[in-house]
Amino acid sequence: MHLIVCSNKDVASQNVKSHLIEMLDVDKKILSQCTFYDGGKIGIVEIDKDLIYADYLDEQLKKQGLSFCELLFISRHSSKDKRKLFTVHVSGNVGTADYGGKPYSLAKPCPIRIKNYVMALKKRLDRKPEFQFSLEVTHHGPSEISTPSAFFEIGSSEEEWRDEEAGRIVAESLIEAINDQNSNWHIAVGVGGTHYAPRQTELILETTFTFGHNFAKYTFNDLNKDILIKAVEISNAKYIVIDEKSVTSPIKSLVSDVAEHLNIEVVKTKDVKKMYKL
């Protein structure tokens, strides 16, 4: 089962959930710590805490008798500029853990599901032309998730979180991504760029690459060999993609050391764009 996770404290989460329930034939069950909507291949779990604090949720749900292969978090995205966005990212922390999770800890990503979701979402963006799509870099909790996972978000203010069509688009795209059997993608960890990872975003939209973890330039003081190795391993990545315009010399050396240690390839974003077009 592919398990979609929502929170009753999150307006956008509830928006997407309502559309998923309309689209899926579900059986509602009250478990000891959550509400479960059983849709067979796709299930929905509703919890009563903010999603960023849902560390060890996969372990807790398994103790309640649920069996699943992925946790797909549907969530709000907040920003001061209130831009209209669909965003996707993996959770975890480099350095401090200011918003859930633990320091220097990363959740396990689901890069194939992320890619298939982006491809499904891309086909629907013309229904909400005022919205854009963007990846985000790895940030916030939960970091303690060992099941493949990612966050699928609507941003960036309450107006967008409650937007019915936006919620419907996310729900449709998630269902299509789960049913999509295409796994022939190049998986990478991204290094460099700003919080919204503009070059990695362009690559996931326009090339055969997808991403597990992404690390922004603002994490470079905390990024180290151990956490980068872990990011590559749990992402099942065969490449590290660097934003060549933002990586510093020490980070280039770090990436080179990790790539040599793991016997994987380092590729610049401009070269991915040239060589791996869809």
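Helix H8 (residues 249-262) has the buried residues Ile251, Leu254, Val255, Val258 and Ala259; buried means under 20% relative accessible area, exposed over 50%, and partly exposed in between, with a 1.4 Å probe and protein chains only. They cover an arc of only 130° around the axis, which puts them on the same side of H8. The arc is that of the directions from the helix axis to the C-beta atoms. This is a predicted model: local features need pLDDT of at least 70, side-chain atom pairs count only at pLDDT 80 or more, and totals for chains, interfaces and linings use all residues. Residues are numbered from 1 along each chain as its sequence is written, and side-chain values use heavy atoms, with hydrogens and water left out.

**Helix H8**

- The face of H8 turned away from the buried side carries the exposed residues Ser249, Pro250, Glu260 and His261.
- Cover for the buried residues of H8 includes strand E11 (186-191), helix H7 (225-235), strand E13 (239-242) and strand E14 (265-268).
- The 14 residues of H8 should span 20 Å at 1.5 Å a residue, and the end C-alpha atoms are 20 Å apart, which agrees. The expected span is 1.5 Å times one less than the number of residues.
- Just after H8, Asn263 takes a positive phi of about 60°.

**Nonpolar cores**

- A nonpolar core is a set of buried Ala, Val, Leu, Ile, Met, Phe, Trp, Tyr and Cys residues joined through side-chain atoms within 4.5 Å.
- The largest core has 48 residues, and Ile4, Leu20, Phe86, Tyr117 and Phe133 have the most contacts inside it.
- Helix H5 (residues 164-179) gives the largest share of this core, 8 residues.
- A second, separate core of 24 residues includes Val189, Phe220, Leu223 and Ile234.
- Phe133 touches Leu85, Phe86, Thr87, Val88, Val118, Leu121, Leu125, Thr201, Ile204 and Leu205, not counting residues up to four places away in sequence. Contact means heavy atoms within 4.5 Å.

**Whole chain**

- The chain has 9 helices and 14 strands. Helices (H or I, at least four residues) and strands (E, at least two) are DSSP runs, numbered from the N terminus.
- Buried residues make up 59% of the 278 residues.
- For 278 residues, a compact globule would have a radius of gyration near 19 Å; the chain has 18 Å, which agrees. The radius is taken over C-alpha atoms, and the globule rule is 2.2 Å times the number of residues to the power 0.38.
- The C-alpha trace spans about 55 × 40 × 35 Å along its principal axes.
- Among contacts between residues at least 6 apart in sequence, 80% join residues at least 24 apart.
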